[in-house]
Amino acid sequence: MKLLWSSRSPFVRKVLLVAHEAGLAGRIEQVRTVVSPTKPNGDVMALNPLNKLPTLIRDDGAPLYDSRVICEYLDGLGSGPKLFPADGAARIEALRLQALGDGILDFLLVGLSERVRPEAQQSPELKAALEVKFKTAFDALEREAGKLAAGPLTIGHVALGCVGGYADFRYADREWRQGRPAFAAWHARFAERPGYKATAHADVY
């Protein structure tokens, strides 16, 4: 399998974390790929019309996207403990936490895009809204920490682990751990997983 990959993408990291947990990391070739909202990559769009990472090319050549679909595919393919529970209630809870993590990553990426625009073109209203979302979301993670610590590892844990990692990578100045000791402690334990250490972000193409 081949994964269109960037060391900067939190959603790529999420997929690779699942691959490690599923015992599949050695079967995936990481193909360094650059995509941009303003510069469509024709090679990527031939496989994924959304022009996004991650995109997984399966052994038969068929592509898969986005991270949620790829993660569930790898989880079903792998030999590790399942991250997507089969039970209805447990599955819905895991998917809820994944949605929370993915949603936070979405607005962190929006904030990053806004931050790199020329200052005169930045939207004060958007920046203010993102500030509110950042506080509200990370406060919510503090409230979720007890459940995260008590339950078995699921795709929700993986998604929220990626949130902490991406915040460290792109928003270190925000000191998200301050006032959130329970989530900070959970994330410190999660960060000891071999897959997390093997998939660290790097600011390179």
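## The sheet

Strand β2 (residues 29–32) runs parallel to β1, and four bridges join the two. Strands and helices here are DSSP runs, E of at least two residues for strands and H or I of at least four for helices, numbered from the N terminus. Two strands count as paired if DSSP finds at least two bridges between them. In β2, E29 is the bridge partner of K2, and Q30 is the bridge partner of L3.

This is a predicted model, so local features need pLDDT of at least 70 and side-chain atom pairs count only at pLDDT 80 or more, while totals for chains, interfaces and linings use all residues. Residues are numbered from 1 along each chain as its sequence is written, and side-chain values use heavy atoms, with hydrogens and water left out.

Zooming out, the open sheet has four strands in the order β2-β1-β3-β4, with mixed pairing. The edges are β2 and β4 (63–64), each with a single partner strand, so one side of each has no neighbour in the sheet.

## Helices on the sheet

Helix α1 packs on the sheet, touching β1 and β2, and its direction makes about 150° with that of β1. Angles run from 0 to 180 degrees between N-to-C directions, using axes fitted to C-alpha atoms, for helices over the stretch in contact. Over at β3 and β4, α3 packs on the sheet and touches both strands, with its direction at about 40° to that of β3.

## The α6/α7 pair

Helices α6 and α7 pack at an angle of about 100°, with their axes 10 Å apart. That makes α6 roughly perpendicular to α7, a label that covers 65 to 115 degrees. On the α6 side, the residues involved include H157, L160 and G164, and these meet a set in α7 that includes F183 and W186.

## The core

The largest nonpolar core has 53 residues, and L74, I104, L108, F138, I155, L160 and F183 touch the most other members. Such a core is a set of buried Ala, Val, Leu, Ile, Met, Phe, Trp, Tyr and Cys residues joined through side-chain atoms within 4.5 Å. Among the elements that each supply at least two of its residues are β1 (2–5), β3 (55–57), α4 (88–115) and α5 (124–150).

Leaving aside neighbours within four places in sequence, I104 is in contact (heavy atoms within 4.5 Å) with A137, F138, L141 and V163.

## A buried aspartate

D102 lies in helix α4. D102 is buried, with a relative accessible area of 6%; the cut-off for buried is under 20%, with a 1.4 Å probe and protein chains only. Beyond its neighbours within four places in sequence, D102 is in contact with F11, K14, S67, R68 and A159.

How values were computed. Buried means under 20% relative accessible area, exposed over 50%, partly exposed in between (1.4 Å probe, protein chains only). Angles under 35 degrees count as roughly parallel, over 145 as roughly antiparallel, 65 to 115 as roughly perpendicular and the rest as oblique.
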